[in-house]
Every structure is written in structure tokens, then in C-alpha cells.
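Dear colleague,

I am passing on a structure for you to look through, and my notes on it follow below. Please read them with the model open.

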Amino acid sequence: MPIAEKDVKWVEPPKLGLFDYLYVPAVVTGLMTTARHMFQKPVTQQYPEQEPDLPPNYRGVHRLNRDEQGRVKCVACYMCATACPAHCIDIVAAPSPWPDREKYPETFVIDELRCIYCGMCEEACPVDAIELTSLYDLTGLSREEMIFDKEKLLSVYDQTKNSPKDPVRTSAGRLSVASEPPRETPKAS
Amino acid sequence: MTPFHFWTTAITIAVVLFVVLHVVAYMILVERKVSAWMQDRLGPNRVGPWGLLQPIVDGAKMFLKEDIIPSHVDKVFYILAPGVAAFTALVALAVVPFGPTDPSQPERYQFVIAPNIDIGILWTFSTGSMAVYGVILGGWSSNNKYSLLGSLRSSAQVISYEIPLGLSVLGVILYAGSLNLERIIDWQVQHGWNALYHPLAFLMFVTAAFAECNRLPFDLPECEQELVGGYHTEYSSIKFGLFFLGEYTHMITTSLLFAVLFCGGWHLPFGLTDGNEWYHTALKLVSILGKTAFFLFFYVWVRWTLPRFRFDQLMGIAWKLLIPLATVNLVVVMVLREYEAPLWALTAASVALFVGATAFAARQTTPPVIRRTGNIHGLPTRV
């Protein structure tokens, strides 16, 4: 669609006077700007000594949440694995040993090297079992080391559950029944 | 004629070389630190307190790195080039005073390697411009199109800017009546700093010297975005270090020249340096080295302020602006000298020439093109 004439804004470059053509005053202005910056406080964060102040929605290493009895909260529904655009989640489901759910993950493996940290698993999870934490310094010496299994992911939960940056977003380990409308979830404190 | 003492000269050379090499090392730190401060960063701060040992580590790195000579280079010139670059830059320092000098008392110690050389400034200019041989040999022998392009640009640039560099300093020489740098300082001690009488020449000299040193905004020979690394792309280890050494020594030489030719050398106003006591000598030394340090800082300051020129702009500045202006300026200075006009007339003429030339250039410039913002798809642009 052609753009209407009233939407077109005509601009003219500012007229240069003799003062502007001298060029030297403009250079001096530029020099003053850089000189002023020399005395401003640096924005550098000294990383290893000074931890970065990450926003609360930072997407770092995954964790598998536990319910209040310390069991894995996951119900092995495969929603996260389905939502994952990088196909980095591998779940093997087994009949649950506990009466409150049908299935539980026998293994739950995330390839942290393949993950793109998009957070879609977190959004897909119906029981808030998988969450991305603010752990950013993820390193390993081999590829095998970067494939996180269930125990490793649960240990990430134990490591981060008390961090103010990573609140456990739901308090209950209870599940809503799929045929019922979603239950009101208590707000995270 | 100044008496020649072998050991005095030898010790002076040793001290000057020692100081210059260390100043070069620390200039690189200053460059990095100042650039960091201007960009609101901290700069190198890990090696030693405030990063003060960084140059030593950098130097050790230069020496310990693997020295690669690519198989496709012309070995003789490839090895010769960094040596030429460093040697010519260091040799140019020989006649530049770095402390108190007094041509009327030749028996006293003069703070110059070679005191009382009558061709003085010519020696500095000629050896300084020889440094372009290092660049050209390096670029040509590397057998690499980017290196060659970089060195071609450099040769064109340095040859072009030699002319305004020489022309702008001629007015100073006309008044001092000598090419000898000590005598030029002496003239300024008696009459006042040249920067007051030749402000336009000073401006053009500084501009041309920036281009001579291949410093931003004129660092096209090593323009990273276009030429990978410029003429020293194929160089590694200490050979690369020698190119750097040459470039920074050139900066030190020209900074000393700014101080000596235009800012009175070791002279300070209000009679602070009138005398021959030891504290006068110390003050003179501090004065000239302080001025040099300021100009070295100015190099760094300008580097992080002004963006690089385009190559045609660079050539335009030299041939269409600096050379005509410097010629007219020289003619004006000659006329004023011939009719023995007072010195303030020089200042007035200089300023008038600068403003007049700007007004002339502003009239010549075509009026700016009207542009418009917004979506212009399918519409002819009105120009």
C-alpha cells in the first residue's frame, strides 16, 4: 500500500554556519565529551569477584522441583519434551510408586549443550516441575558431563531452592485432575 | 662548535633509548587505559597494581611468541622491514632536544643526542619519512593483497602529508632564522611561543603529523575493518612488535617536535626558567617532558574521539585543503617578515586566513540534499 502523503515527513539537514565549517570547534566539543567520560564511573563488573546482578527471569540451568515430601514433582507427561524446540529432553516414564499420580519419570535427561534456554519446557509443564534457574556459570570438561540426569537436576533444585532469585513458583505438590478446571495456584512469595 | 665527548654522547644515547623504549611500552598501556576510561570501562587491571606491569607482560609475550615467517614471502625484505621501521623512527630522535639547551653556551651539557646540528629539523623530517620504507617493504614482501593495499595507502598518505608538514613549519624557521631546533627554542625564549604567532601553522602541523604517524583519524594503512590488519598482517611476534615500536617512537618524536617548534621547548612563561641553577635545569626538564606527555596524551585522546576518514577524504584534506592553505600561510608570513610587521600581526593574519579560508570553502560547498524519512517504497525520492 502506498504511503499517504500526510505520513511522509520531510526533513532538511540543519544549515551549517561559518562556525560549523571551521571544524575545529566541533572537534573540541568531541574532545570535551570524551574527556568528561574519563571521569565517569566505569560500568565494568569485575566478574569473578563481583557476581552479576541477573534479572529474576534469567534463564539458566534447569532444575527438577521436588514436592514437600522430597519426591520428584514431575508426572512424566512429556509436555516439556514435546514443547522443546531443540529436542534436548529425554524422559522414560514408569508407573508411579506413589498413589497420587499415575506415572513418574524413571529417567529424566536434559542435554544442556543442545538446549537453547528458551524456557518453553517451563511454560509447558502442567505441574511446575521443571524450571530454569539463574545459574549461569555452566561449565564442563566433557560432553558427557553436560548431559544432566534426574539426580543432577534434582540436586540443582536442592542447590537453588533457597536462592532469592529462584523462588519455587508453586507451593503444592498436589496435582489437579485433568478433567477438572485448573485449580487456583497460590502466589509465590 | 660544540665539543664532542664520546662518552657523554654514548651515555646520552643509552639513556634516551632506554627511556624511549619504556615510554613506548607504557604508551600502549596508557592507550588502553585511556580508551577504557573514555568508554566508561576499567581497562587492564590484572597484572600488577592498576595493571602497571601489563607492558612487561606484553613485551614478554612479544618475545616468546612463535615467530612465523610465511613460506610465500620475500625473506630478505620481510625481515628487513620491521628493522627499517624501528631504526628510522629512533634515528629521527637524534637532533630533537628533550631538555634544557642553550646554543649560546656550547660548553654546557645540552640535552640533545647531537647538539648544534644545523640541518636539525630536516634530519628529523627526512629520517621520519624514511619510516614509510618499513611499511612499503613490509606490505610488498608479505605477498598478500591486504598488506599491499595497506602499504600503498600508507605511502600515498605519508608522501601527501609530508608537504603540509614541511610547509607549515617553514614560517617558524623563517622567523627563527635557523633549522637548528635549539635555536628555534632560543628564539621562542626571547619572543614568546610560536603557537601564539603561528596558530594556523600549528594546527596544520599537528594534523599533518597525525597523518604521518598513521594515527586515527588517519590510520588508513591499518584500517582493521577493510584490510584485516594492514601492512603487518603477516607479521608475528617481535617483528610485529618492532613495527609497533616504530609507530610509537614516531609519536614521541612528533610530540617532542610540537613542544619544541611551537610550545617553547623547555621554556616556561613568567621567568620561571630564566637561570642556570640546578633547579632551573630540573624545571626545564619537567617543562619540556610535561608538554611532550600532554601531546602524547592528546594523540590518544583524539584517537578515541574522532572517527576515521574515508580514503578520498584523507587525500582531499591533504591536497585540496592543507597544501593550498599552508602555501598561502607561508606567503603571508614571508610578506610580514619582509616588511618587519609586529609579531601580533602574524597571529591576526593567521586567524584571518583560517576564517577566510573556511568562509571560502563554505561558499564552494553545494547546498545539502533534502532527504526524507519514513517508508519510501514505490515512491520516487525527491532530491
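Which residues does B:Val260 touch, not counting residues up to four places away in sequence? B:Val260 touches B:Val96, B:Pro97, B:Leu181, B:Ile184, B:Ile185 and B:Gly265, where contact means that C-beta atoms, placed from the backbone, lie within 7 Å.

This is a predicted model, in which local features need pLDDT of at least 70 and side-chain atom pairs count only at pLDDT 80 or more, while totals for chains, interfaces and linings use all residues. Residues are numbered from 1 along each chain as its sequence is written, and chains are lettered from A and ligands numbered from 1 in the order in which they are written.

Helix α12 (residues 311–338) of chain B packs against helix α13 (residues 343–364) of chain B at an angle of about 150°, with their axes 10 Å apart (axes are lines fitted to C-alpha atoms over the stretch in contact, and angles run from 0 to 180 degrees between N-to-C directions; helices are DSSP runs of H or I, at least four residues, numbered from the N terminus). That angle makes α12(B) roughly antiparallel to α13(B), a term used for angles over 145 degrees. Among the residues in this contact are B:Leu325 and B:Val328 of α12(B), and B:Leu346 and B:Leu353 of α13(B).

Helix α4 (residues 120–141) of chain B and helix α10 (residues 237–262) of chain B pack at an angle of about 160°, and their axes are 11 Å apart. α4(B) is therefore roughly antiparallel to α10(B). Here B:Thr124, B:Gly128, B:Ala131, B:Gly134 and B:Gly138 of α4(B) meet B:Phe243, B:Gly246, B:His250, B:Thr253 and B:Leu257 of α10(B).

Best wishes

Conventions. Helices (H or I, at least four residues) and strands (E, at least two) are DSSP runs, numbered from the N terminus. Angles under 35 degrees count as roughly parallel, over 145 as roughly antiparallel, 65 to 115 as roughly perpendicular and the rest as oblique. Two residues are in contact if their C-beta atoms, placed from the backbone, lie within 7 Å.
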